[in-house]
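Here is a short note to read beside the model. Please keep the sequence and the 3D view open as you go through the points.

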Amino acid sequence: MKVILSFLIFLLLAAPAFAQSSYHIKGYVIDPAENLKMENTSIAILHAKDSTLVTFTRATADGSFTINQLKSGNLILLATYPGYADYVEHFKLDSMNPGIDFGLINMTLKARLLQEVVVKGQTDAIKIKGDTTEYNAAAFVIQPNAKVEDLLKQFPGIQVDKDGKITAQGQTVTKVLVDGEEFFGDDPTLVTKNLRADMVDKVQLYDKKSDQAAFTGIDDGIKDKTLNIKLKEDKKNGYFGKIEVGGATDYNEQQAMLNVFSAKQKFSVYATHSNTAKTGLSWQDNNRFNTGGGRDDISYNGEGLPETSSAAAHYDTKWNQNKQSININYKIGSIDVSGFKNTLNQNNLPIGILFSNTNQNFSNRMFRQKLDATYKLKIDSTSDLKISVDGTLRNNGYHNDDKARTQSGENILKNSSTRLWDDDTEQQNFSGNIFWSKKLKKKGRTLSLNINASSNDSNSEAYLNSLNEFYNPELNTDGSSILDSVVNIDQLKLNNSDNKIFNTNATYTEPLSKRLALVFNYGIDMNKGISDRQSFNKALNGSYTDFDLEFSNNFELKQFTHQTGAIFNYNKEKVILNFGSKLSFVNFAQTDLYTDSNFSRNFINLNPQVNFSYNFSQQKRLRLDYNGSNTQPSINQIQPVRSNTDPLNIYLGNPDLKPAFNNRFNINYNNYKVMSNSYFYLGASYNFTSNAIVDSRTTDTAGVSRYKSVNLHDKAPSNYWLYASYSQQVKALLGINVGINLQTNGNTYFSYINDELNRTISNSYVPQLSISKHAVKKYEFYVNFGPSYNTSQSSLQKELNNNGWGWSGYGSIGLYLPGKIRIATNANYTYQPKTVSFNQDFEQLLLNASLDKKFTKKENLTLSLSGRDLLNQNTGFRRSAYGNAITQTSYNTIRRYFMLSVIWDFNKMGGIKTTPAKEN
């Protein structure tokens, strides 16, 4: 009885404490100026220590809110509503203050804010929505007439280099969309360098999935790092553009662009011409030119002097209550590159060291036309249809004149060669895609069909004239080399190839429960190709009519694949888990039509996958992935075509090759803290390959190398990549943005050299510090610099490595002076110290500067004087060491020049006068 009485007394005494164990708050949100009850206002409770989200709710119809079940501690109340300034208040809950009534919370429209009004809080700069990181353009400072590229440079986790190449979270951005639609065929820099920053509402960063994966929600491994530019509603009507004309003594640049936007239509055209390495408006034009099969097309990589021209047109529209839309892009462009280069190569072999010295004069050209179109139809409320077509016509011309010598480490001449190569190639590439999706009656039950077809046709005519001399390992008594043999080639080569591919994939999803769904796939792939290569020796009458059967071949390929698979999808609140596998059955058949020999193989491929993501909050997310896939041996690896274009490098086939199996692990974590305006991102991957296909090379004493692909059974090549980024605005340093980036990658690769297994281990470590600040009409600066440490060593030549420290950095600064004058400069710095492989340092500082004077009230007319490579250090130099090969290349390139330009930005969007953004 005493025990029971004591327990009752304890309960009575402890009741107040128990009653206060659940802390609570309440309040009432209004706009007093408009006498509005702020329904649906977002109410977030954050930890004061790290600004992580505790809980979230919305105000009811009368503007009131109540939150129970809170824990004690120092907290922050954040109230947000579109178009209104954020309301922020710190508070504390403890046993003395178990509940707080905030009373009336007054919200103020941003448009009504005066300079003397002090707003507690700031605009959310970043939101993380599932797989998407969304940047709010209003939270960043922009200059008048600034472009999207200037806005992107301020986003945490995003870097834009001097050429406009965008890197987001350590990965290259390959697509930039406008309101979810491709703009000039998704060419990134066409948007970022020409679209006005004041038109942008939000910028979304995500991995764009295939149509089928986006519809089903199940990852199929197809991803493109993508930025989607969402425009403000009042900026979708009107026109804008730019005209730029620049000239110098030896260089010139011309550019014009016009954009006409209406609510549902976009029409854009541009044209460029230059000899300053401006290959169109995009840093990716090099890659865009390189679509289609065959050998590598012409692009500008800094070697030689280029002349480029390009033009394009874009149109997209929606109609029938947005149920139908079309997107059309046309491009035409050309590039001519001529120059010379010298390549020094050191080949470290078990039998000794070989040094080669090659001088090359080249003159190459490319002309390309490309048309693509996408039509979308919303058939009804449950089904959609998307049809895409793409066609490219291309003409490439190559002229290369090479002279090369190879010597041993003892300076004994091994071989020498002269080679003249003229090639003219015509290519036609066409592709089409149909994607149909249907939501069935049962919720979660869907059906989709994806059909792809493509045709790639290439015809080339090439003339090869080469003289190759091979020398005896023994020397004459006077120390001179003894000529052992000579191979003289003078041939016409006609290469014709035609490849047609057709594949289908049907996907059916079935909900097994409220949280679990099954995704079933079945597909058929068909591939048919013909490669006819003919060689003709010069006849006595001087014409190339003597057919050479030894170096001619005509292969026909037929490949049939059908695959099936099942993926399970589990989705519960913050957790998404996908797991399953696909199984492919491959029948491969190849026929040499000249010799009537056949080669066929059958493969069974397994492709398992596991994808896990956890959303801690709207600002914090973790994702883990595993994908396994097979790599089929290529045709050239199994039975390569016979070729004598390079007698020093001969490729052999291996019909016994088996598929390799790749294992890929990935992790991604990002976290944005609202109150401290800090952002952290971590991305990492690790890959290893079982039964890998590796090179086996045998080099004889004359310097002739023979290559063959083989399976590696007892070793697993691997590689890793890690990128971490942290950025924060430091108010104590006048609001300067400070970022710290760390990127490291490495690989372990195996190969056979003269029948000995060689293991090459390479690593790179690059920490960098970035500092930036933008003050409207005052100044702007951006600095990114840091050391690097690289290692590279092979097991067969351990004493030779390329280990060493280096430095790299980029900086830019702009100052705004009275009279609408702006002076700016930027610099790229590279330092590579001497190593065991390279006996001299390499240091380069590329310094550029400009002086701009703006005219008119809108400051949209600019007279610019710019100087490139002011220190004249762009000498054209590159070196690398990988495996047993050490290479150093010198070439002519664009050097120092000065240019005077006139730039006119014109803009009439929405009929609404724009004002510069205020500095945060």
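1. The side chains of Asn347 and Arg697 are joined by a polar contact of 3.0 Å. A polar contact is a pair of N or O atoms within 3.5 Å; within protein, one must be able to donate a hydrogen and the other to accept it, and residues adjacent in sequence count only if both atoms are side-chain atoms.

2. This is a predicted model: local features need pLDDT of at least 70, side-chain atom pairs count only at pLDDT 80 or more, and totals for chains, interfaces and linings use all residues. Residues are numbered from 1 along each chain as its sequence is written, and side-chain values use heavy atoms, with hydrogens and water left out.

3. Is Asn347 buried or exposed? Asn347 counts as buried, because its relative accessibility is 11% and buried means under 20% relative accessible area (exposed is over 50%, partly exposed in between; 1.4 Å probe, protein chains only).

4. Asn347 sits in strand β22, residues 324–349. Strands (E, at least two residues) are DSSP runs, numbered from the N terminus.

5. Which residues does Asn347 touch, leaving aside neighbours within four places in sequence? They are Gly352, Ile353, Leu354, Arg697 and Asn884. Contact means heavy atoms within 4.5 Å.

6. Now compare sequence with space. Asn347 and Thr887 are 540 residues apart in sequence, yet their C-alpha atoms are 8.8 Å apart.

7. Elsewhere, look at Leu863. This residue belongs to strand β47. Leu863 is partly exposed, with 36% relative accessible area.

Definitions and conventions:
Helix = DSSP H or I, 4+ residues; strand = E, 2+ residues; numbered from the N terminus.
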